[in-house]
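I opened the notebook to record what I looked up in this model, entry by entry.

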Amino acid sequence: MTASVELADVDVVLGGKSVLIEVSLSLSGGESLAVVGPNGSGKTTLLRLLATLLKPTRGQGSILGQNIGSPEIRQVRSDIGLITHTPALIEELTISENLLHFARLSGNPFEDCLRALEVVGMEKAADRRVGDSSFGMRRRTEIAWLLVSKPKLLLLDEAKSGLDVEARELVDALVGLTLNKSGIVVGVSHQTSQLGDRFMHKRRLASGRLEGFA
Amino acid sequence: MSLSTQIREVARADLVVERRTGDTFRIVLPFAVVTLIIFSLAMGGEVAVLRNVGPAVFWAISILFGMQLALRTAALESPTRRDLMALLGLDPAARFLGRTAASALIIVAFMAILFLTMVLFFAPELPMGWVGPQAAALFLTAIGLAALSTLAGEVAAGTRSRTSLASLIVAPLVIPVILGGSQILEAMERNSGILIWILLLITTDLALLVAGVGLSRPLEEASR
């Protein structure tokens, strides 16, 4: 089945405040969307909505074939990859232990994780605790995991922020890989330059409203 | 991935983290032992009084510190980590049961060491054949405390004052667990049956585990 993302007039209200207002978008497999907006415009909320981690207050839509807000939406979560501002690794575990943890929880082979660590240039740091690792190393570990889990929907929240050139190229490679496999990529940033040129569509998010193609 | 594999993995990761940080046995346990010793000194060193109050002091300190130990794991989990776990396909019931299992193991070890310390400093008169029933009391109490604290952590997840809210949830609900655990040795001393207290603990533990599993999914969704 081809990957697809549809949102129609979706509102998200958090803590009594409208964070997303009448957001509509439609993406099919192989398409990518860059969303640029200032701090507080609702970018992270948009990604969390697409990651099925938030329910819309109003409006309809579907993510990878399941209606948002329905109980069945849980079934597609393992096909979604999300890179957030702060890498969500367990500080007290080593890099390879984190990947082993993810692999065991999701049912992916750990051998693939070790190969992915080599791809992102982290094989020598595999036994280093995440708490003792730099931001860039943590981000590379997340990229390694996404190379293993091969998400159909890749969501990037300021994914290149704070990374060196080589690591930024890894993010681009991950985007390319996902699109080549007919996946969908949505990236958000406050700067267009942070997103790179691999995105087909570009839109602006201002005060919770997704504005037309730039 | 099967539920049992996920439960084992969550418990394993929590125990590795505990071993690395050493929070329970390097920080909390010494504090609890010192509290126990301070109590014994504050009682004036009168042997008869110490013998009588020793088990009560043990239970009070165990519940207080044990509850904090179990709540800590849930309180330390960031919303970002919860999101990642959801995207990995982790079943909320597996997270609840795995976390409860890990906390129960930590608490039972903590309580066993604290109990032996209490025996050393308070020298209570223990009834014949106390080891088995007391081990069962500690084990079942630890499961109850762990399940209750994990459940409270899930209820309070996503709220700003989650640590204090979780403690408020636990405090009244922990009464059957304390009652069951503390009355087993008492009942043996009175030569009355301990079965009723064991059954109280088992029933409470089962009720908490069933509630935790049943509520885990709606609580996870509500925490966002």
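What follows are my notes on the structure shown above.

**Model and numbering.** I noted that this is a predicted model, in which local features need pLDDT of at least 70, side-chain atom pairs count only at pLDDT 80 or more, and totals for chains, interfaces and linings use all residues. Residues are numbered from 1 along each chain as its sequence is written, while chains are lettered from A and ligands numbered from 1 in the order in which they are written.

**Confidence.** For the complex I read an ipTM of 0.88 and a pTM of 0.89 from the predictor. Chain B has an average pLDDT of 88, with 96% of the residues scoring at least 70; pLDDT is the predictor's confidence in each residue, from 0 to 100.

**The open sheet of chain A.** I took helices (H or I, at least four residues) and strands (E, at least two) as DSSP runs, numbered from the N terminus, and counted two strands as paired if DSSP finds at least two bridges between them. Four strands of chain A form an open sheet in the order S2-S1-S4-S5, with antiparallel pairing. Strand S2 (17–28) and strand S5 (66–67) of chain A are at the edges with a single partner strand each, so one side of each is left without a neighbour in the sheet. Between strand S1 (residues 4–14) of chain A and S2(A) I found eight bridges, running antiparallel, and Val5(A) has Leu27(A) as its bridge partner in S2(A).

**Strand S3 of chain A.** I next asked which strands are joined to S3(A). Five bridges link S3(A) in parallel to strand S8 (residues 184–189) of chain A, where Gly187(A) is the bridge partner of Ala34(A). Four bridges link S3(A), again in parallel, to strand S9 (residues 201–206) of chain A, and there Val36(A) stands opposite Arg204(A). I called a residue buried if 20 or more other C-beta atoms lie within 10 Å of its own, exposed if 12 or fewer, and partly exposed in between, with C-beta atoms placed from the backbone. Five of the five residues of S3(A) (residues 32–36) are buried; Ser32(A), Ala34(A) and Val36(A) point one way, and Leu33(A) and Val35(A) the other way.

**The core.** A nonpolar core is a set of buried Ala, Val, Leu, Ile, Met, Phe, Trp, Tyr and Cys residues joined through C-beta atoms within 7 Å. The largest one has 125 residues, and among those with the most contacts inside it are Leu155(A) and Ile107(B). Its largest share, 15 residues, comes from helix H5 (residues 92–122) of chain B.

**Leu145(B).** I located Leu145(B) in helix H6 (residues 131–156) of chain B, a helix in which 19 of the 26 residues are buried. Leu145(B) counts as buried because it has 30 C-beta neighbours inside 10 Å. Leaving aside neighbours within four places in sequence, its contacts (C-beta atoms, placed from the backbone, within 7 Å) are Gly66(B), Met67(B), Ala70(B), Ile107(B), Val174(B) and Val177(B).

**Where the chains meet.** The contact takes 19 residues from chain A and 20 residues from chain B. On the side of chain A that touches chain B, the largest share, five residues, comes from H2(A).

Key. Two residues are in contact if their C-beta atoms, placed from the backbone, lie within 7 Å.
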